[in-house]
Amino acid sequence: MTPAARDAAAMAVLDRWLGGQPLEAALTGWARASRYAGSKDRAAVRDTVFDAVRRKRSCFALGGAQTGRGLLIGLARLHDDGLSRWNGQGYAPSPLTQNEQALMNRAVPDLSRGERLDCPDWLLPFLDRALGEEQADLTLSAFHYRAPVFLRINLGKTPSEQLDPFRASLIDELAAQGIVARRHPLAETALLVSGETRRIKLLDSYLDGRIELQDVASQAVALDFFDAVAPDSAVLDYCAGGGGKALALAALGLPVTAYDIDENRMRDIPVRAQRAGVEIPLLSQAPAALWPAILADAPCSGSGSWRRTPEAKWDFTREKLQALTMRQDEILSKTAALTAPGGVLGYATCSILVEENEDRVNGFVQSHAGWSLTAERRLGPLDGGDGFYLAILQRG
């Protein structure tokens, strides 16, 4: 595909998304209907689509139309791209109209704060409360770019005292396969990688379980929770989802059981656990017994990971935030009732909003006698990975 044909494909995907189709479904539908597109073409189209979605508001303001074509014109203005390749030949988009060319020739105007930072206006005060205006602006600017890719070194495959040489050999092995890897300070198990990262799941080191894809902040949360529980404590991973944190905890030697109200979300855990060399039983019914340690990774806005799922930012509303906080309070109460006396409850989200984090925990402690907050940690994209929050709660 030519660069112009890739633009046309991205434009079509964006139109489907703007028409109400989920973004991944729109991309998958295009890929299945475009068997001629090679892997590099699909990757390039995907990158263009995600760039436009991340910057939807500024691109609409600059592109002259709330369409896929308008988004790409706005993106071109931001990148000082004249779009001369749009000549209407072959699979290229039609040439710029006279009005579009006049728009392209204008200087980029001053945008409002919400337009410049690609954020709904209603959300700005919530981010300012959580981060302060300066940090909020820097965080929203970071959301303009693709999230970094991290690997987790599987400690279950090597004794902890051999981690340094094991890590060094992995870095060398990855380098030989075109992937640059280096340590990240947020987690001893983390490798920040660049290069041919789309090939990671084909590598021997992935297939034999020595490495796993996991964001560094998620790894840090798992390590913090591990440090907070007694050695060999049985752990219930409540709201386990795909099992990333369960796998990390199991690799550290904790006996972990996974539960999710939607059992289908856990469908990949058995295969991932087998590859990692650990056992993670799955609960098919709501737990009833008491547990010495529970990690509740609650459903949330996902605002800490909007670089990865930029469409979620545009779908988020005040009403959804209110519904989520009610659900989070419910999960805290349910998991508290399942925590044994003297036990530990870890409450985690991938949100950067106070309303989903500190407010929920403070309200819980005030309304549940015998519970205390012993530690908490907040991480944001400016720390290097996704945004995450963890509170360690102790039952008396």
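**Figure 1. Burial of helix 5 in the predicted model.** In this predicted model, helix 5 spans residues 68-78 and is mostly covered, with 10 of its 11 residues buried. The buried residues are Gly68, Arg69, Gly70, Leu71, Leu72, Ile73, Gly74, Leu75, Ala76 and Arg77. These buried residues pack against four helices: helix 1 (3-18), helix 3 (39-54), helix 4 (56-63) and helix 6 (98-105). An α-helix has 3.6 residues a turn, so residues three or four places apart point the same way.

**Figure 2. The crossing of helix 1 and helix 5.** The axes of helix 1 and helix 5 come within 7 Å of each other and cross at roughly 125°. The two helices are therefore oblique to each other, and helix 1 passes helix 5 in a right-handed crossing. On the side of helix 1, the residues that meet helix 5 are Asp7, Ala10, Met11, Leu14, Asp15 and Leu18. Their counterparts in helix 5 are Gly68, Arg69, Leu71 and Leu72.

**Figure 3. The loop between helix 5 and helix 6.** Just after helix 5, Asp80 takes a positive phi of about 55°, and Asp80 is a residue other than glycine. Asp80 lies in the loop between helix 5 and helix 6 and counts as exposed, at 73% relative accessibility. Ser94 has its place in the loop between helix 5 and helix 6 as well. With a relative accessible area of 41%, Ser94 is partly exposed. Leaving aside residues up to four places away in sequence, Ser94 touches Arg69, Trp86 and Gly88; Arg69 is one of the buried residues of helix 5. From Ser94 to Val344 the separation is 250 residues in sequence and 61 Å in space, C-alpha to C-alpha.

**Figure 4. The nonpolar cores.** The largest nonpolar core has 37 residues. Those with the most contacts inside this core are Phe225, Val235, Leu249, Val256, Val278 and Ile280. The elements that give two or more residues to the core include the helices 12 (216-228), 13 (244-251) and 14 (269-276). Strand 3, strand 6 (256-259), strand 8 (291-297), strand 9 (339-349) and strand 11 (388-395) are also among them. Helix 12 supplies the largest share, seven residues. When residues up to four places away in sequence are not counted, Val278 touches Leu247, Ala250, Ala251 and Ala273. A second, separate core comprises 29 residues, including Ala37, Val45, Val49 and Leu72. In soluble globular proteins, nonpolar side chains tend to be buried together.

**Figure 5. The packing of helix 12 and helix 13.** Helix 12 and helix 13 pack with their axes 9 Å apart, at an angle of about 50°. That angle makes helix 12 oblique to helix 13, and the crossing of the pair is right-handed. Ser218, Val221, Ala222, Phe225 and Phe226 in helix 12 meet Lys245, Ala248 and Leu249 in helix 13. Two of these residues, Phe225 and Leu249, are among those with the most contacts inside the largest nonpolar core. In the loop between helix 12 and strand 5 (235-238) lies Asp232. Asp232 has a positive phi near 65° and is a residue other than glycine; at 61% relative accessibility, Asp232 counts as exposed.

**Figure 6. Surroundings of Thr197.** Thr197 lies in the loop between strand 3 (187-195) and helix 11 (204-207). Thr197 is buried, with a relative accessible area of 16%. Apart from residues up to four places away in sequence, Thr197 touches Arg146 and Val149.

**Figure 7. Cysteines without disulfide bonds.** The disulfide count comes to zero. For Cys119, the closest cysteine sulfur is in Cys59, at 15 Å, which is too far for a bond. Cys300 is in no disulfide either, and the nearest cysteine sulfur, that of Cys350, is 3.4 Å away. The cut-off for a disulfide is a pair of cysteine sulfur atoms within 2.5 Å. Cys119 counts as buried, at 0% relative accessibility, and Cys300 counts as buried at 18%.

Methods
Residues are numbered from 1 along each chain as its sequence is written. This is a predicted model: local features need pLDDT of at least 70, side-chain atom pairs count only at pLDDT 80 or more; totals for chains, interfaces and linings use all residues. Side-chain values use heavy atoms; hydrogens and water are left out. Buried means under 20% relative accessible area, exposed over 50%, partly exposed in between (1.4 Å probe, protein chains only). Contact means heavy atoms within 4.5 Å. A nonpolar core is a set of buried Ala, Val, Leu, Ile, Met, Phe, Trp, Tyr and Cys residues joined through side-chain atoms within 4.5 Å. Axes are lines fitted to C-alpha atoms, for helices over the stretch in contact, and angles run from 0 to 180 degrees between N-to-C directions. Angles under 35 degrees count as roughly parallel, over 145 as roughly antiparallel, 65 to 115 as roughly perpendicular and the rest as oblique. A crossing is left-handed if the near helix is turned anticlockwise from the far one by less than a right angle, and right-handed if clockwise.
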